[in-house]
Amino acid sequence: MNRVASTLPMPLIDAEALRERLAAGAPTVVVDTSFDLADPAAGERSYREGHLPGAHYLHLDRDLADHTPAADGRFRGRHPLPTREPSPQR
């Protein structure tokens, strides 16, 4: 059964569905993208305090946004999506 949340900021999958996937050995990647605009370190700090085994943390500013100006030098926004080109592994 697919238990995907219908609205954000809820998780994309509920705990029981994740448990079932892991128990079944289904290929699964768990990514924590918690972020607080008022305290940009809060999400990573919370992740370091405790997370699911094997989970990864991606920081909004550092990992999920490309702060490179547009070709014409324009500001592309606070959190513009990265390009499709592969980024170096961290």
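**A charged side chain and its surroundings**

Arg48 is exposed, with a relative accessible area of 65%; the scale used here is buried under 20%, exposed over 50% and partly exposed in between, with a 1.4 Å probe and protein chains only. The model is predicted, so local features need pLDDT of at least 70 and side-chain atom pairs count only at pLDDT 80 or more, while totals for chains, interfaces and linings use all residues. Residues are numbered from 1 along each chain as its sequence is written, and side-chain values use heavy atoms, leaving out hydrogens and water.

Arg48 has a salt bridge with Glu44, and their closest N and O atoms are 3.3 Å apart. The term means a side-chain nitrogen of Lys or Arg within 4 Å of a carboxyl oxygen of Asp or Glu. The two residues lie 4 residues apart in helix α2, so about one helical turn separates them. An α-helix has 3.6 residues a turn, so residues three or four places apart point the same way. Glu44 is buried, with a relative accessible area of 18%, whereas Arg48 is exposed.

A further salt bridge joins the side chains of Arg62 and Asp63, at 3.8 Å from N to O. Arg62 is partly exposed, its relative accessible area being 37%. Through shared partners, salt bridges join Glu44, Arg48, Arg62 and Asp63 into one network. The structure holds 6 salt bridges. Another of them links Arg74 to Asp72, with 2.8 Å between the closest N and O atoms, and both of these residues are exposed.

Asp32 belongs to strand β1 (residues 31–32). Helices (H or I, at least four residues) and strands (E, at least two) are DSSP runs, numbered from the N terminus.

The side chain of Asp32 makes a polar contact of 2.6 Å with the side chain of Ser34. A polar contact is a pair of N or O atoms within 3.5 Å; within protein, one must be able to donate a hydrogen and the other to accept it, and residues adjacent in sequence count only if both atoms are side-chain atoms. Apart from neighbours within four places in sequence, Asp32 is in contact (heavy atoms within 4.5 Å) with Tyr47, His56, Tyr57 and Leu58.

Ser46 lies in helix α2 (residues 42–49) and is partly exposed, at a relative accessible area of 40%.

Around this part, the protein has 3 helices and 2 strands, in the order α-β-α-β-α from the N terminus. Of its 90 residues, 16% count as buried.

How far can the model be trusted? The average pLDDT, the predictor's confidence in each residue from 0 to 100, is 82, and 83% of the residues score at least 70. Residues 1–7 have a pLDDT below 50, and beyond near neighbours in sequence this stretch has 10 contacts in the model. Where pLDDT is low, the predicted coordinates should not be read in detail.
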